[in-house]
Amino acid sequence: MADILFNVGYGHFLVLAAVLFLIGTAAVLVRRNALIILMGVELMLNAANITLVTFSRMWGDVGGHTFALIVIAVAAAEASVGLAIVVAVFRGRRNVDVDKLTTLRH
Amino acid sequence: MRIVILIMTAVLSFGAFVAAASFTPAAYADAIPESKIDAASRAKVQERSPHDDLIQSSGKGMALMFWLFAAMTIGGALFVVTRRNLITASMGMIGSFLGIAAIYMMLYAHFLSIVQMLVYAGAIMVLFIFVIMILNRPEDEPVAPTGRFGQVLGGAAILYLVGRLCMMLMKVQPPDAAKAFAAPGADAFGHDFGTVGSVGTDLFGNGLFAFEAISILLLIAVVGAIAIARPLHEEQSDEDKQKAADAKGGAH
């Protein structure tokens with residue numbers, strides 16, 4: 001127990017990333033507000049980034065940093081388009097509840 | 001909530017006490033054996049900066065910092081899931097991003113840490129808060145209603161899976177155990193691991209195609225975001241149509 005508490009190794013960072021990914025997944029699955037779902041996706045991307053940076057440090061290779069940088073850029077693009085979709089949906093129907101967006105289901 | 005804060009404070013002060021009690025300057029001095037250090041790169045770093053380059057990211061001080069920032073990251077993420085108020089959720093998100101930036105710093109990813117703070121905590125969250133302010137809707141119920149039995153069963157299954165995953169991840173071994181936690185500058189990779197220079201060299205070398213693709217992607221995203229969010233001219237009739245569709249969907 002004390003070993004886990006005081007000897008922080010690479011496993012700790014990987015477990016932190018896994019827990020963060022889990023919380024992001026929970027946000028996507030449980031919440032019904034489209035904005036919170038987008039935030040959950042951002043959390044999942046960040047968890048993937050932590051894993052990349054951890055392995056990059058482990059192997060002494062900066063390729064992981066480059067990839068994490070590209071992931072951040074993709075996340076920014078995804079956030080802007082996602083928020084634009086949220087604004088467009090809100091303009092049409094005055095709420096952003098994903099449970100009520102069932103027009104395409106039939 | 002108060003209980004959780006109390007427990008966290010107790011754990012952190014215990015960790016601080018242990019770290020302070022066991023602190024000796026000699027523990028940092030023998031971080032990397034002299035024989036392990038490449039002489040040429042050592043000379044290079046001495047030439048560049050006069051201070052000693054023997055700090056490694058291990059020991060009780062780092063453990064304390066890790067648990068502090070991990071608690072910040074996880075707590076902020078939990079705020080996103082549990083809070084009904086959207087502004088509170090986004091503030092928790094910002095705290096989570098700042099914790100992640102500190103975690104990057106701990107992993108010697110200096111440049112990425114700054115980018116995380118600038119792009120995520122700065123730009124993306126400002127965008128989110130703008131949209132929250134525009135929409136200005138009170139929040140709905142956070143948890144979708146399901147049966148109590150299903151919740152317990154699903155929770156137990158998720159806890160089991162995550163526990164097994166964590167046990168597996170904790171056993172991950174670095175490729176070279178001898179210098180696993182040494183400062184990355186202490187070997188032949190050079191002393192600029194994770195700085196703007198090394199990341200830029202790799203980005204414009206190995207990742208050049210990805211970089212160019214990202215520039216096109218960002219351009220498409222900007223144009224697409226403007227095209228999607230632009231107000232429609234027949235807004236009123238469109239809204240009426242949606243209402244009619246909702247009524248029809250509810251009848252099914």
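Let me start with where the two chains meet: 67 residues of chain A are in contact with 73 residues of chain B, where contact is defined as C-beta atoms, placed from the backbone, lying within 7 Å. On the side of chain A that touches chain B, helices H1 (2-6), H2, H3 and H4 each supply at least two residues, and H4(A) gives the most, with 24 residues; helices here are DSSP runs of H or I with at least four residues, numbered from the N terminus. By class, that side of chain A has 43 nonpolar, 17 polar and seven charged residues, with Ala, Val, Leu, Ile, Met, Phe, Trp, Tyr, Cys and Pro counted as nonpolar, Asp, Glu, Lys and Arg as charged, and the others, Gly among them, as polar.

Please keep in mind that this is a predicted model, in which local features need pLDDT of at least 70, side-chain atom pairs count only at pLDDT 80 or more, and totals for chains, interfaces and linings use all residues. Residues are numbered from 1 along each chain as its sequence is written, and chains are lettered from A and ligands numbered from 1 in the order in which they are written.

Next, the largest nonpolar core has 66 residues, and those touching the most other members include A:Leu35 and B:Val80; such a core is a set of buried Ala, Val, Leu, Ile, Met, Phe, Trp, Tyr and Cys residues joined through C-beta atoms within 7 Å. Leaving aside neighbours within four places in sequence, A:Leu35 is in contact with A:Val86 and A:Val96, and also with B:Leu86, B:Phe128, B:Val131 and B:Ile132.

Finally, B:Tyr108 is found in the loop between H5 and H6 of chain B, and B:Tyr108 counts as buried because 21 other C-beta atoms lie within 10 Å, the cut-offs being 20 or more for buried, 12 or fewer for exposed, and partly exposed in between, with C-beta atoms placed from the backbone.
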